[in-house]
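User: Hi! Could you walk me through this structure? I'd like to go over the helices and the aromatic residues.

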Amino acid sequence: MTNPRGRSTKAMNERQPHHDEPSVDPAMESLLDAYARRLAHRPGLVDRVIAAAPVPAPRAARPVVLWNDRRIALAASVCAAMVVGMLFMRPAPSAAIAASPSIEAEPVLVSLLAGSDEAVLDDHPFGSELRTMDSDWSGLADEVRDIVAVAGGQR
Amino acid sequence: MQELPAERLEHLIRRAVAGDGGAWRELVAAFAPRVYALLVARCRDPELAEEITQAVFVTVAEKLAAYRDLGRFRSWVFQIAMNRLRDEIRRRGRHAKAAGGAEDLELLGGPAPLGYQDASPEALKALGAAMATLNEAERQVVHLRHMGGMSYQAIADLHGEPVGTLLARHHRAMTKLRQALEESGITLEDLQ
């Protein structure tokens, strides 16, 4: 097979590096390794890191979970998932949210909102639903900002 | 900087979670210099790089017990480091230093570590200067690959890009670095 200039594809491929494989340039790799070693060389670094971040506390032995407790935990998880899902199945409040490919919510945030003045948690036979109390979502947005600010230690 | 075999790494993580100080030290000794090298290459500020390295391992220590994806521990640690650095640069805004090459030996850690047959200081300085000829995306893949010691697959996971794209970018970066070194009178073959 030849190209318009009469050079074979094989010959062209031999001249062109294959970009789907790591480049093998031992001299450059060696120099980059030396450069990385020099950058990594900071006397006392490991000791200072360990002083700042001591060994993780051993995990406490987990109590045996009874089947009954597991069922409760499973029910709580399903309920939280339904709450999160139903919260965002409501009509999108703005074009920006409507255009978003996905929205994620933390179950913890949902439970905090459920205890606020801006939302209410309704119980239904099929699960729970978090309803906002305001029509334009501005109060709920302020509430989320407050929760995030408190969580971030800004208040 | 020796790589830990996967089995050893998994063993160390389990021991560290159980409160084994020796295992935790070995984990930190294996990863902290790499994390620091990556960060100092990115921010060019040794103090900030160390501060973030410490913060990274505080996070790792806190979350290690809950960490499950043992095969991607390295990616996880570097992801924390890159996120921390990004947050800090955002926080510092325009006062943050631009990521470029590490031209001065102070940034390169001063004298060569004992026991290493090092490249010449001139070659290292020239390589630091050559890094400045790369664009940001090229520099990042070189830093993650060579300072962080990450695999191409791990870098691809971190960036959410195909491995082939990263390989092509890395190849372009290597070509640019070689050209810049040759222009500054450094011939790689002479260094070997």
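Predicted model: local features only at pLDDT ≥ 70, side-chain atom pairs only at ≥ 80, totals over all residues.

User: Great. What is the secondary structure of chain B?

Analyst: Chain B has nine helices and zero strands. Along the sequence the pattern reads α-α-α-α-α-α-α-α-α.

User: And how much of chain B counts as buried?

Analyst: Of its 192 residues, 51% are buried. As for contacts in chain B between residues at least 6 apart in sequence, 64% join residues at least 24 apart.

User: Let's turn to aromatics. How many aromatic pairs are there over all chains?

Analyst: There are three. In one of them, F31(B) and F73(B) have ring centres 5.2 Å apart and planes at 75°, so this pair is edge-to-face. The angle is what decides that, because planes over 60 degrees apart count as edge-to-face.

User: Where do F31(B) and F73(B) lie?

Analyst: F31(B) is in helix α2 (residues 21-43) of chain B, while F73(B) is in helix α4 (residues 73-92) of chain B, so the pair ties together parts that are 42 residues apart in sequence.

User: Are they buried or exposed?

Analyst: F31(B) is buried, at 3% relative accessibility. F73(B) is buried too, with a relative accessible area of 2%.

User: How is F73(B) arranged with W76(B)?

Analyst: Their ring centres are 5.8 Å apart with the planes at 55°, so that pair is tilted. F73(B) and W76(B) are three residues apart in helix α4 of chain B, which means about one helical turn separates them. W76(B) is buried, as is F73(B). Put together, F31(B), F73(B) and W76(B) form one aromatic cluster.

User: Nice. Back to α2(B): how do its axis and that of α6(B) cross?

Analyst: The axes of α2(B) and helix α6 (residues 136-147) of chain B come within 9 Å and cross at roughly 160°. That makes the two helices, α2(B) and α6(B), roughly antiparallel. Their crossing is right-handed.

User: Which residues meet there?

Analyst: From α2(B) you have R34(B), A37(B), L38(B), A41(B) and R42(B). On the α6(B) side they meet E136(B), R139(B), Q140(B), H143(B), L144(B), H146(B) and M147(B). By class, the residues of this contact of α2(B) with α6(B) are five nonpolar, three polar and four charged.

User: How many of the residues of α6(B) are buried?

Analyst: Nine of the twelve, so α6(B) is largely enclosed by the rest of the structure. Among the buried ones are V141(B), V142(B) and L144(B), and also E138(B) and R139(B).

User: What covers the buried residues of α6(B)?

Analyst: The cover includes α2 of chain A, along with α2, α4, α5, α7 (152-159) and α8 (163-183) of chain B.

Note on methods:
Residues numbered from 1 in each chain as written. Chains lettered and ligands numbered in written order. Heavy atoms only, no water. Phe/Tyr/Trp six-rings, centres within 6.5 Å; stacked < 30°, edge-to-face > 60°. Helix = DSSP H or I, 4+ residues; strand = E, 2+ residues; numbered from the N terminus. Buried < 20%, exposed > 50% of the residue type's maximum accessible area, 1.4 Å probe, protein only. Axes fitted to C-alpha atoms, helices over the stretch in contact; angles between N-to-C directions. Parallel < 35°, antiparallel > 145°, perpendicular 65-115°, else oblique. Left-handed = near helix turned anticlockwise from the far one by under 90°. Contact = heavy atoms within 4.5 Å. Nonpolar A, V, L, I, M, F, W, Y, C, P; charged D, E, K, R; others polar.
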